Amino acid sequence: MSDSDETPYSERPDWKDITPIPLPCGDVVQIMYSDRFKDVYSYMAAIMQKKEYSLRAFELTTDAIDLNAANYTVWHYRREILRNMNISLDQEVEFADAVIKDQPKNYQVWHHRRCLIEMTGDPSKELDLTATTLGKDAKNYHAWDHRQWVVSQYNLWEGELEFVEKLLQEDLRNNSAWNHRYFVVTNTTGWDKEVIERELEYTRAYINKAPNNESPWNYATGMIKGNGHSMVDFKSFVEMCEDLYSRQIRSPFGLKVLAEIREEREDYEKAIDIYMVLKETPTVRDRYWDYKVQCIRELMTC
């Protein structure tokens, strides 16, 4: 990342006025810092103690980040320098770009990026940045978190459902994309019954393509239950679940939903039948299915 001069700071004439603060190496197990690391971070400690906000201090943070881009304190101090000096924020955004490309799962640089956007008030590059990052790793939590912050903070909702659709076309099991779809709908149209019907129809296509994919099942049940409805309120969804079962499609996720639908209808015997089918395939949830059957039978005796 850094093209800076690697001459030790201890040998630089313009740093002679700074007394470096040695790094703690540990009393029992010593940390084997490289000579360059000890040099850079001992001067970093000294300059922060001095609270010097200068161009040389800024360049020092570049070297420190090059050695350890996960050091939150250095990033924070770098921002303090930016706030106290007339340094180009556009160039700093480009610097953050380079670090993100090199370390896309580094939390500290994503936080720095957010702070820069707050300072500039310009989110125009962020959707492209996150799209590029997610194109390489579609489940990068930091990129998703940044994108959700940007679209909500700057009201950039337009095109987000299309963005999700593109990702799901590439990988219908991308649970992060399903989560983002829920986030977008929640913050735009909200979840009235008409919207839920629309989204269930959308979800149905993905369930039919891959019934054993848990993500659309979670999306469907989440939008229903999370907004105060029962699954039996949505006839087409119930019919889809019954149809899959009648066609001998034994998705464990679909079976679980169908059992819950039958419980909602108080069709307890048929719900038990579904839980017994689920028990036929041994999983870590065997005892949970037993528990569900026990609860239903207790309910039936009340």
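Student: In this predicted model, at what angle do the axes of helix H3 and helix H5 cross?

Tutor: Two packed helices are described by the angle between their axes and the distance between the axes. Here the axes of helix H3 (residues 72–84) and helix H5 (residues 107–120) cross at roughly 15° and come within 10 Å. Angles under 35 degrees count as roughly parallel, so H3 is roughly parallel to H5.

Student: Is the crossing of H3 and H5 left-handed or right-handed, and which residues make the contact?

Tutor: The crossing of H3 and H5 is right-handed. On the H3 side, the contact is made by Tyr72, Trp75, Arg78, Arg79, Leu82 and Arg83. H5 contributes Gln108, Val109, His111, His112, Cys115, Leu116 and Met119. Sorted by class, the contact of H3 with H5 has seven nonpolar, three polar and three charged residues.

Student: Which residues of H4 and H5 meet?

Tutor: From H4 come Leu89, Glu92, Val93, Ala96, Asp97, Val99 and Ile100. They meet Val109, Trp110, His112, Arg113, Leu116, Met119 and Thr120 in H5. By class, this contact of H4 with H5 has nine nonpolar, two polar and three charged residues.

Student: What can be said of H13 and helix H14?

Tutor: The axes of H13 and helix H14 (residues 268–279) come within 8 Å and cross at roughly 160°. H13 is therefore roughly antiparallel to H14, and the crossing of H13 and H14 is left-handed. In H13, the residues that meet H14 are Pro252, Leu255, Lys256, Leu258, Ala259, Glu260, Arg262 and Glu263. Their counterparts in H14 are Tyr268, Lys270, Ala271, Ile274, Tyr275, Val277 and Leu278. The contact of H13 with H14 divides into 10 nonpolar, no polar and five charged residues.

Student: Which residues line the largest cavity, and which elements give two or more residues to the lining?

Tutor: The largest cavity is lined by Trp217, Cys241, Leu244, Tyr245, Ile249, Ser251, Gly254, Leu255 and Leu258. Helix H12 (235–246) and helix H13 (252–264) are the elements that give two or more residues to this lining. Leu255 and Leu258 belong to the lining, and both also take part in the contact of H13 with H14.

Student: How does the lining of the largest cavity divide by class?

Tutor: The lining has seven nonpolar, two polar and no charged residues.

Key: Residues numbered from 1 in each chain as written. Predicted model: local features only at pLDDT ≥ 70, side-chain atom pairs only at ≥ 80, totals over all residues. Heavy atoms only, no water. Axes fitted to C-alpha atoms, helices over the stretch in contact; angles between N-to-C directions. Helix = DSSP H or I, 4+ residues; strand = E, 2+ residues; numbered from the N terminus. Parallel < 35°, antiparallel > 145°, perpendicular 65-115°, else oblique. Left-handed = near helix turned anticlockwise from the far one by under 90°. Contact = heavy atoms within 4.5 Å. Nonpolar A, V, L, I, M, F, W, Y, C, P; charged D, E, K, R; others polar. 1 Å grid on protein atoms, 1.4 Å probe; cavity = no way out; pocket = protein on both sides within 12 Å on 5 of 7 lines; lining within 4 Å.
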